Amino acid sequence: MLKKYFLLIFFIFVSIYTAFAQRTGIIQGVVKDKNTQELLVGVTITLQDTEPVIGVSSDVDGNFTLTAPVGSYNIKADYIGYQPLTKFNIVLTAGNASILTFELESEEKKLEEVEIKANRRSTASVATTVSPVSVQGLTTEEIRSNPGGNFDISRVIQALPGVAGTTGGGGFRNDIIIRGGAPNENVYYLDGIEIPVINHFSTQGSAGGPVGILNVSFIEDVKLNSSAFDARVDNALASVFQFKQREGNNQRLQGNFRLSGTEAAITLDGPLGKSKKTTFLASARRSYLSFLFKLIDLPIRPDYWDFQYKVTHKIDNKTTLTFLGVGAIDEFSFGTPRKSTPENDYTLRSLPSIEQWNYTFGVSLKRLVNNGFVNIALSRNMFDNALDRFKDRQTGNEAFRALKLRSQEIENKLRIDVNKTYGKWKVAYGGVFQFVKFTNNIFSEIRQEVRDNNNNLVSPRITVDFNTGIDFFRYGVFGQASRTFFGDKLGLSLGIRTDMNSFMTEGNNPLNSLSPRIALSYSLSPEWNISASVGDYYKIPVYTVLGYKDQNGTLINKDNKYIRSTHYVLGLEYLPRETTRFTLEGFYKQYSNYPVSARDGISLANQGGGFGFIGNERTLAIGSGQAYGFEFFFQQKLVKNTFVTFSYTFVISEFAGIDGKNIASAWDNRHLISAILGRKLGRGWEIGLKYRFAGGSPYTPFDEVSSRQNFASLGQGLLDNSKLNTLRLGAFNQFDIRVDKKWNRKNFTFDLYIDITNALASNNPAFPQYTFKRTADNTDFATTDGLPLNPNGSNGQPIQLVNENNRVLPTIGFIVEF
């Protein structure tokens, strides 16, 4: 099968090699005022570094269309009275038109001052007056061409400063760790609609998963804020991701088809109707990861579908209606590798199979008003999680069932925000109203029955079987104001919000989550900027915590509180050229009201996350923590066909439980390094290199005595919590390579690519697993005396499985644009 696949790719490669010639591509777009969203007429759009200069002006509707030879360009929008804006590394192909939106910010300058400030304003910087620090950006081409990214936004994000993944998974998962905070401290917005789940096979109560859901073909750019959050955003402690989708082509139907060893995907966009007022984007994707992982002898067997759409209708010049949706269907199981040991095979049997599905759909209305605009968004998201585990692989036999979980999370949301400009003041205010429903039905075998050699019962089987369900309202309001002073040298941003709910004991007290924030920025010169921010941010505990019931059926976690995180950030930005950016930032985050397990007194931040769910237990809102460090970032946008990024982050993340003692959290990687080098080689060839490093994750050793004594009934080891997170795994290292070759002809582009993940076969460790040695035929435990395993495990042979992944994952595929 694999041989036929490679022969097909080779045949297509050879067949078209001499047929394709250099062609032209089309850029279509619109130009708007950023603050009022009014369309701008007469804006000059030019392709940088072209001879002769290629340019065009926006028409009476703010639209522009530009034709140029295929290739990669930096595109600049210029308009008197506005700050120039450059979009970097825009790829023109013959197959698809590039759809862009320029949002220009007004600049109250005298005419003679515009040229002096233009260099700084059109740089690679993405900072704003509202969020002057801790902000990064990615363009669609940076995502698409990212080595080892495989068109996965969640994986590409991990190359940004301050961002780490869950290294204890051997590089397998997409958990996003920002500056030492948990994965569930991040929030994600798609065109202003919150998307709670952006990864397949997500851990309930946490986040992450092996593969991202969002289609990169939809994305125009991505913005990451790791502090100084806009007050309109709720429930964020570590970061806010804002994914901006492009508009569909309003001139003709276009699309692309992608096929590789891991997936097949199709994307279409174009006009709906003859008026050109309505456009659409739609995509579907099917994975082949289970086939690939079986081929390279990995035990995991993931399969998924995902779907995405966006429909935009312009009712008139002042009113736009947008419909969008994202959905996924996931199945996750485990197989036995050909080279598996009996112990590894036995351990795999203890892992549950997973079936999940989720969706988010929403509708938003944008209405332009005098000196501003109003957004109204209505959305619904749902997450369905099903876990099953049967002993000895007796799937479907209820007598062997060890776990059954059925859980759903549903949120219905209404968001309203008003955005106005009063002179130099920019003001936003609004609110959010949500109805939440959560159900959780669990059957779990806590201890299995244990009998001695004479078949006498030593310890009975212990199970839990309970159902829980909650529904309640969440609501919040916010206000944000910002302006500049002294000729735009000094920027000031002030914000405040509060969030409440009808479930928690003190949930309706607005003072308990009152979150003020302030940010300042000062331009020392056209090249140097200094910024600082301070703010309080709050997050409601995860639903698996809030919905937990005790044996009496009482919802005992209603006394939990909003988790609080106070941020202090100081940053310096250096912009020596239009395309180059250096940043240096120091940060300190202080946590309080963090959930602590009442069972063992450990903060949930020190436990990490798994594949199923977390937080389903009695918790106390008494935990504290801190995360602090600094990060350095260098970025060169596309210059002379080369782009480069480099970042280094030092971070310490510590949390305390009942004893009040700070312990290294599960996210305490200390050192993070990422570097990307991309080169456009000409004649359609491109190459990208990426390197990532993360310090070893902390972990807790097993209690050898307790693990041996209880293994017969538990089937797993027990951790020695007196040595909580005192050990560390080895460091995570990964080097990725990607090579693309594009051919263009009229209305058609063929892109052949090879993407190699972990090209140097680096050894990336995962957490050890405790078990007993098995017999060669894997029918029983091997013992020291040849007799059946004693109930207390005294004749067992304990071993710890060392899980390391050094596999090279090559992917070859092609993209056809039409």
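**Note on the predicted model**

1. Asparagine 512 is partly exposed, its relative accessible area being 31%, where the term covers values between buried (under 20%) and exposed (over 50%), computed with a 1.4 Å probe on protein chains only. This is a predicted model, in which local features need pLDDT of at least 70 and side-chain atom pairs count only at pLDDT 80 or more, while totals for chains, interfaces and linings use all residues. Residues are numbered from 1 along each chain as its sequence is written, and side-chain values use heavy atoms, with hydrogens and water left out.

2. Asparagine 512 belongs to the loop between strand 29 (490-501) and strand 30 (515-523), strands (E, at least two residues) and helices (H or I, at least four) being DSSP runs numbered from the N terminus. Leaving aside residues up to four places away in sequence, asparagine 512 touches Glu506 and Tyr538, a contact meaning heavy atoms within 4.5 Å. The side chain of asparagine 512 also reaches the backbone oxygen of glutamate 506 at 3.3 Å.

3. The largest nonpolar core has 34 residues, of which Ile143, Ile157, Ile176, Leu190, Ile219, Phe241 and Phe243 touch the most other members; such a core is a set of buried Ala, Val, Leu, Ile, Met, Phe, Trp, Tyr and Cys residues joined through side-chain atoms within 4.5 Å. Among the elements that each supply at least two residues of this core are helix 4 (153-157), strand 11 (186-190) and strand 23 (372-390). Apart from this core lies another, of 25 residues, including Val187 and Leu672.

4. Leucine 190, again not counting residues up to four places away in sequence, touches Ile195, Leu214, Ile219, Phe243, Gln245, Gln308, Leu324 and Val326.

5. An open sheet of three strands has the order 4-1-7 with mixed pairing, two strands being paired if DSSP finds at least two bridges between them. Strand 4 (63-69) and strand 7 (98-104) stand at the edges with a single partner strand each, so one side of each has no neighbour in the sheet. Strand 1 (residues 24-33) pairs with strand 4 in the antiparallel sense over seven bridges, and glycine 25 stands opposite alanine 68 in strand 4.

6. The mean pLDDT of the chain is 88, and 92% of its residues reach 70 or more, pLDDT being the predictor's confidence in each residue, from 0 to 100. Over residues 13-21, however, the pLDDT is below 50, and this stretch has 12 contacts beyond near neighbours in sequence. Residues 109-122 also stay under 50, with 25 contacts in the model beyond four places in sequence. Where pLDDT is low, the predicted coordinates should not be read in detail.

Key: Polar contact = N/O pair within 3.5 Å; in protein donor to acceptor, adjacent residues only side chain to side chain.
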